Amino acid sequence: MIKPEIVSQLQKITGKEGVLTAKEDLNAYSYDGTTTWTHMPDVVVLPTTTEQISRVLKLANENKVPVTTRGAGTNVSGGSIPIKGGIVLCTVKMNKILDINKTNLTATVEPGVVLQNFNTALAKEGLFYPPDPQSFLGCTMGGTVAENAGGPYCVKYGVTKQYLLGLEVVLANGYVMKVGGVTVKNRTGYELVMLFTGSEGTLAVITKITVRLLPMPAASKTMMAVFDDMIAGGQAVSNIIGSGVVPAKSAFVDNFVIRRIEQMTPMGLPLDANALMLLMDDGNPAAVETDTQQIVDILKKSGAKEVKIAKDADEAAAYWKMRSAGFAAVFGAAHTVLAEDVAVPRDKLAEFIKKLGEISERTGFFIQYLGHAGDGNLHPSIFTDIRKEDEFARAQAAMGEIFRAALSLGGVLSGEHGIGLEKQRFLKEAMDPVALDLMKKIKGILDPNNILNPGKIWEEEGA
Ligand SMILES: Cc1cc2nc3c(=O)[nH]c(=O)nc-3n(C[C@H](O)[C@H](O)[C@H](O)COP(=O)(O)OP(=O)(O)OC[C@H]3O[C@@H](n4cnc5c(N)ncnc54)[C@H](O)[C@@H]3O)c2cc1C
């Protein structure tokens, strides 16, 4: 339990309006996008400036109070759960776009800027920031950096880390540090920007973010392909990329998601399709025409029963809305949803999907999946109920098999959601022990009192 005098000092730093202590308020910060983790903070702090964050961290560090940074809390790895109590430091009030520079193609934002708001502001200038986690309506820029998030656009454009030029971060002792800069090229010492990217709130609080931008592509076309067979769908993506065309976006959903979406928001999707694949090509109009034709030909040769090209921007937007509704469709499907996130090399996707079928048969759990596909990233989900101890343990063991299957194909434990609490018990199997030890040593240097998001990423000794 946090001492009342620390709460009073927090109130002095941010003003009383920036500190929440009522149980109902704390409850709203006790969970995230997972359905398995929850823990109450002792207090929530809503700072408005870097200086306030610096003072909060200095106070917390001197008193060894845990601090869990939170953006919108949409992560699905338990990352923003204050598992050790203490302070939740929520950045949503720091939501200013500080600069958009059309000549340099850069922008600087505060961490609480919502991704969709950022892209709306950029669109007015004919600009575009590609990393597009499908939580873009709510997730914050700080959260996307701390998770190194990516979405369907990553096939062609990459993920958050490919766009970061500079960061302002506040270290555990309150020191405000700038790393990187605003130039496109920068070869000054170690890549410290990357150190904080994907660090899940364990190394520092990110308070300013400078990113590079792209001009909005002049044209785009979206295609939807219907497959009888998920494995053929997976192979089709490899065939397209192998042919030398890299679509801007790609994603697919299975029959379960198609039916759930049609139940919740009817869109006229083909209910009998086993797999729907969405692809988008973008660039200059002439190139988009030829690429689209080539993609359609390969989809058909790879076994697509039907391929539709969206006739206009509205139809294309409806297809992609279906993809972004996929997670919501899955999460509402059971009391507890183990929704995972693994990535395999792109040319192993079909083999991985086959292995998922085998695991499902062996364990008796239905495995639902949706994914970005073109990047080898897939989200297999198992429906269970945490209240049924035995079933839940079996579901977790089945998930373990899924992780091991991905690793056996040269894949990784997380494509985008991070490790958080959710996957730490598998980390030892997925990482070189010396690399794991190096991570712990870096944490020890930057945060010797272990106040920043303690209990995350790796299992603590004896836990
Ligand atoms: C429906 C849905 C769809 C999703 N789709 C995708 C997807 O396609 N791709 C993808 O990558 N992810 C996806 N996610 C996961 C999630 O939205 C992303 O990880 C997102 O980047 C989290 O942003 P947030 O603002 O909600 O961060 P939070 O959930 O609040 O925090 C995430 C982590 O970052 C840390 N953190 C947050 N802000 C800061 C900061 N300023 N400084 C330091 N650490 C910080 C937190 O401590 C925590 O560890 C999805 C989630 C949902 C619910």
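In which hand does α8 cross α10, right-handed or left-handed? The views below lead to the answer, using a predicted model.

**View 1. The chain falls into four domains: domain 1 (4-90), domain 2 (97-215), domain 3 (219-317) and domain 4 (334-417).** Look at domain 3 and domain 4. Their C-alpha centres lie 23 Å apart. The two domains touch. Domain 3 brings 16 residues to this contact, and domain 4 brings 13 residues.

**View 2. Here is the side of domain 3 that touches domain 4.** The most come from α8, with seven residues. What kinds of residue make up this side of domain 3? Eleven are nonpolar, four are polar and one is charged.

**View 3. Helix α8 packs with helix α10 (residues 285-301).** The angle between α8 and α10 is about 140°. Their axes are 9 Å apart. Is that angle roughly antiparallel or oblique? Angles over 145 degrees count as roughly antiparallel. The angle here is about 140°, so α8 is oblique to α10. Now for the opening question: α8 passes α10 in a right-handed crossing.

**View 4. This close-up shows the residues that join α8 to α10.** Which residues make the contact? From α8 come A236, N239 and I240. From α10 come I295, I298 and L299. Sort the residues of this contact by type: five are nonpolar, one is polar and none is charged. Asn counts as polar, so N239 is the polar one.

Note on methods:
Residues are numbered from 1 along each chain as its sequence is written. This is a predicted model: local features need pLDDT of at least 70, side-chain atom pairs count only at pLDDT 80 or more; totals for chains, interfaces and linings use all residues. Domain bounds come from an automatic or database domain assignment. Two residues are in contact if their C-beta atoms, placed from the backbone, lie within 7 Å. Helices (H or I, at least four residues) and strands (E, at least two) are DSSP runs, numbered from the N terminus. Axes are lines fitted to C-alpha atoms, for helices over the stretch in contact, and angles run from 0 to 180 degrees between N-to-C directions. Angles under 35 degrees count as roughly parallel, over 145 as roughly antiparallel, 65 to 115 as roughly perpendicular and the rest as oblique. A crossing is left-handed if the near helix is turned anticlockwise from the far one by less than a right angle, and right-handed if clockwise.
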